[in-house]
Amino acid sequence: MQELKKVAILGRPNVGKSSLFNRLARQRDAITADISGTTRDIKKRIVTISENRDFEVIDTGGIDYSSELFSKVADFSMKAAQMADIIIYMVDGKTLPSEEDRELFYKLQALDKPLALVVNKIDNDKEEERYWEFLEFGAEATFPMSVSHNRYFNDFYAWLEALIPPREEEPTGLELTEDTEVDPFDEIVRDINSVEEEIDNEIKVAILGRVNTGKSSLLNALLGQERSVVSDVAGTTIDPIDEMIEHNDYKITFVDTAGIRRRSKIVGIEKYALSRTEEMLEKANLVLLVLDATVGVTELDERVAGLIEKYKLACLIVVNKWDIHEEKTYEEMVEEIRDELKFLHYAPLITISAKTGLRVNKILDKVTEIYQRYTRRIPTSELNDTIREAIRRHHVPTHNGAVVNIKFATQYETKPPKIALISNRPEFIHFSYKRYLANFLRSKYDFEGVPLDIVARKRGERFDDDE
């Protein structure tokens with residue numbers, strides 16, 4: 001006979017475990033009440049979903065160590081988890097994540113079994129935002145749910161179906177009817193849960209610029225040693241050279257890129273060097289864009305800078321040879337750079353002399369400061385408060401009379417910060433309005449040196465699809 005999978009429902013008191021048990025079992029024999037600790041016995045039922053998948057669901061008592069009686073109930077619950085094949089850990093979505101919930105969840109995670117975090121009591125659209133706070137647990141599967149209002153069950157069932165095999169024979173069983181409502185969190189949850197947040201102190205910095213702007217001299221000045229061949233002959237550097245130094249508790253790896261010539265002059269080995277440069281930029285986090293103060297911004301500088309936009313990299317504009325420039329004042333130089341390199345409006349600017357060492361020592365501090373912003377994550381509730389304030393000041397324009405609403409926003413990635421706007425009509429949120437929101441965010445948060453990537457999506461739509 002086929003052995004049934006055991007699915008245990010665990011959680012602290014009064015989070016809705018018995019309600020979920022009743023929902024799965026289609027029965028009302030588990031007592032549900034607002035009094036904490038109502039369930040003291042472990043209840044079991046055979047349940048069928050998708051017509052041919054049977055499993056044993058186990059309802060456990062609330063995990064609470066505040067009294068001797070509750071502690072015994074909690075011990076039984078943890079034993080049930082050890083015996084189970086699949087674990088469901090429920091939390092109360094009407095409260096913020098607690099340290100106790102985190103500790104219990106991590107204990108269950110250590111059992112190395114399929115484990116879902118169910119955030120219950122998300123009863124309406126306005127309460128969706130609280131759900132995002134629980135994503136910090138890092139669960140492989142996290143589901144918003146309202147058991148009492150019968151909301152958002154489909155993805156939860158799909159998760160169970162993937163873990164429970166169909167029966168070998170056709171015994172009679174209780175059939176579970178799935179909700180017809182589409183869960184808005186499908187790909188969103190998958191995207192966010194796939195990102196592991198960890199301490200990130202390794203910065204990959206590309207030194208990018210036209211031929212003979214002084215990139216190798218700059219690298220040597222930063223490293224304090226002769227590492228790259230420095231010459232007045234344009235195009236001396238062919239291969240990118242990696243060097244790592246430590247600064248402000250960060251490990252900074254510099255890649256001294258080959259100088260980029262005009263495309264018509266790229267032949268043979270230099271064509272190879274350009275492809276190597278692009279390969280390196282795919283792995284870089286931050287770019288030092290080196291400009292020649294004696295020449296100013298050229299058309300080729302614009303093209304070189306275009307690579308930074310292409311790869312959405314953090315950037316510091318380094319104006320080299322400031323010790324020998326003659327014609328322009330600092331204000332005039334800044335105005336020219338801002339005018340010619342409009343899409344790098346977010347990049348701060350520093351004037352240096354790699355040859356004399358003028359202000360070179362400030363570059364490393366700026367690199368670590370920019371990288372901290374590049375890896376920043378805005379809490380979802382805080383982000384939504386800011387977006388709401390922006391919308392109040394300047395509403396989303398209608399499209400041919402149709403109202404365009406932004407339901408909520410979430411930052412789903414860092415490096416660079418990527419923000420998704422969940423909307424009823426995302427295709428009608430104009431790029432100019434996204435630019436307005438980006439500028440508003442910059443007015444509230446320090447994102448100097450960092451590009452902001454804002455996308456508009458429908459509920460459940462993937463964020464990383466190209467627009």
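1. Helix 1 (residues 17-25) is mostly covered, with eight of its nine residues buried; buried means under 20% relative accessible area, exposed over 50%, and partly exposed in between (1.4 Å probe, protein chains only). The buried residues in helix 1 are Lys 17, Ser 18, Leu 20, Phe 21, Asn 22, Arg 23, Leu 24 and Ala 25. Their cover includes strand 1 (5-11), strand 2 (43-49), strand 3 (53-59), strand 4 (86-92) and helix 5 (154-163). Arg 26 follows helix 1 and has a positive phi, near 60°.

2. A word on the ground rules. This is a predicted model, in which local features need pLDDT of at least 70 and side-chain atom pairs count only at pLDDT 80 or more, while totals for chains, interfaces and linings use all residues. Residues are numbered from 1 along each chain as its sequence is written, and side-chain values use heavy atoms, with hydrogens and water left out.

3. Now the chain overall. It has 13 helices and 15 strands, taken as DSSP runs numbered from the N terminus (helices H or I, at least four residues; strands E, at least two). Of its 467 residues, 51% count as buried. Among contacts between residues at least 6 apart in sequence, 71% join residues at least 24 apart, where contact means heavy atoms within 4.5 Å. The chain exposes about 23000 Å², and carbon and sulfur atoms supply 46% of that area (Shrake-Rupley method, 1.4 Å probe).

4. Please look next at the open sheet of three strands, in the order 13-14-15 with mixed pairing; two strands pair if DSSP finds at least two bridges between them. From one strand to the next, the twist averages 25°. Strand 14 (residues 418-423) pairs with strand 15 in the parallel sense over five bridges, and Ala 420 has Val 455 in strand 15 as its bridge partner.

5. Which helices pack on this sheet? Helix 12 (residues 380-393) touches strand 13 and strand 14, its direction making about 135° with that of strand 13. Helix 13 (residues 431-444) touches strand 13, strand 14 and strand 15, and its direction makes about 130° with that of strand 15. The axes are lines fitted to C-alpha atoms, for helices over the stretch in contact, and angles run from 0 to 180 degrees between N-to-C directions.

6. On charges, the whole structure holds 17 salt bridges, each a side-chain nitrogen of Lys or Arg within 4 Å of a carboxyl oxygen of Asp or Glu. In helix 12, Arg 388 and Asp 385 lie three residues apart, about one turn, and form a salt bridge with closest N and O atoms 2.7 Å apart. Arg 388 is partly exposed at 35% relative accessibility, and Asp 385 is partly exposed at 44%.

7. Two further pairs deserve a look. Lys 418 and Glu 413 meet in a salt bridge (3.6 Å, N to O); Lys 418 counts as buried at 18%, whereas Glu 413 is partly exposed at 27%. Asp 339 forms a salt bridge with Lys 342, with 3.1 Å between the closest N and O atoms; Asp 339 is partly exposed at 43%, and Lys 342 is exposed at 52%.
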